[in-house]
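Dear colleague,

A summary of the findings follows it.

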Amino acid sequence: MIRSVIICVLVVACAFGANLKFYPKPRLDGRIVGGYEVEIEDAPYQISLQYYNRHICGGTIINERFIMTAAHCTSGSSASSFGVRTGSSYHAKDGTVVRVKQVTVHPEYDPRTIDYDFSILELEEELTFNDACQPLKLPEQNQEVEEGSQLLVSGWGNTQNSQESTSKLRAAVVPKVTADVCSEAYRAFGGITDRMMCAGFVKEGGKDACQGDSGGPLVFEDLLVGVVSWGYGCAVPNYPGVYSRVASVRDWIHEVTNI
């Protein structure tokens, strides 16, 4: 229903020009589309965020005590309702589940524009690191990733393919898209802000993150550069995925975690 409304508004916007009000940004539906299965040892920083023991989002281990995810995954809910499954290729079994002690949503998070879509989770117990559970490094404040850089996104979201299970971790490699190209693609939605970055195959589509992947990692080499945030559809041509740009809030992460 929501997607149908969005398509109608796009048609109207094209017909009558740019004098219309921007309409709300669509949420990223949360699935790895066009990807492949991976073992947790290939992405040991990946976690499943559990809401009352049910997978709702992804997240990233950034040290023994803290997890990075998206604000829209946690906003309005108490820490006691969340758990984090680590060290498993599956979101519903194996590994270790640790309860969340505290949720810190970025103070400037705006649910209407999905700006500053960051949330940091403090765990009740420190994680024990091994081959299946490892932290990911963080970029420096405002550190940039070059256009076309190959980025890895992972998660347990839907796949748009009945032959591809959502129970096991999947990943896809997508190229970095310039801010200008992405902002133009989402012009009818108000474009993107300096706290956002985009990745995907702009013309072809076909590979993307989607629902259930929200909050998960976008990785360049050994750095957490993005958090799965929002977008129009999943792997739709001309609409790359939009991610929260971690380097834009590196100082805030330090304030909260001392990392």
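Which residues of H4 are buried? In this predicted model, they are Arg-250, Trp-252, Ile-253 and Thr-257. These residues lie on the same side of H4, because the arc they cover around the axis is only 155°. The buried residues of H4 pack against E4, E6 and E7. After the helix comes Asn-258, which has a positive phi, near 65°.

Ile-253 also belongs to the largest nonpolar core, a set of 39 residues in which Leu-49, Met-68, Val-84 and Ile-253 have the most contacts. Helix H4 (250-257) gives two or more residues to this core, as do several strands, including E2 (46-51), E5 (82-86) and E12 (223-230).

Turning to the aromatic residues, the structure holds seven aromatic pairs. One of them joins Tyr-51 and Tyr-52 in an edge-to-face arrangement, at 4.8 Å centre to centre and with 75° between the planes. Tyr-51 is partly exposed, at a relative accessible area of 32%, whereas Tyr-52 is exposed, at 53%. One aromatic cluster is formed by Tyr-186, Phe-189, Trp-230, Tyr-232 and Tyr-239. Finally, the ring of Tyr-90 has the charged end of Lys-93 over it, 4.6 Å from the ring centre.

Yours sincerely

Notes: Residues numbered from 1 in each chain as written. Predicted model: local features only at pLDDT ≥ 70, side-chain atom pairs only at ≥ 80, totals over all residues. Heavy atoms only, no water. Core = buried A, V, L, I, M, F, W, Y, C linked by side-chain atoms within 4.5 Å. Buried < 20%, exposed > 50% of the residue type's maximum accessible area, 1.4 Å probe, protein only. Helix = DSSP H or I, 4+ residues; strand = E, 2+ residues; numbered from the N terminus. Phe/Tyr/Trp six-rings, centres within 6.5 Å; stacked < 30°, edge-to-face > 60°. Lys NZ or Arg CZ within 6 Å of the ring centre and 35° of its normal. Arc of directions from axis to C-beta. Contact = heavy atoms within 4.5 Å.
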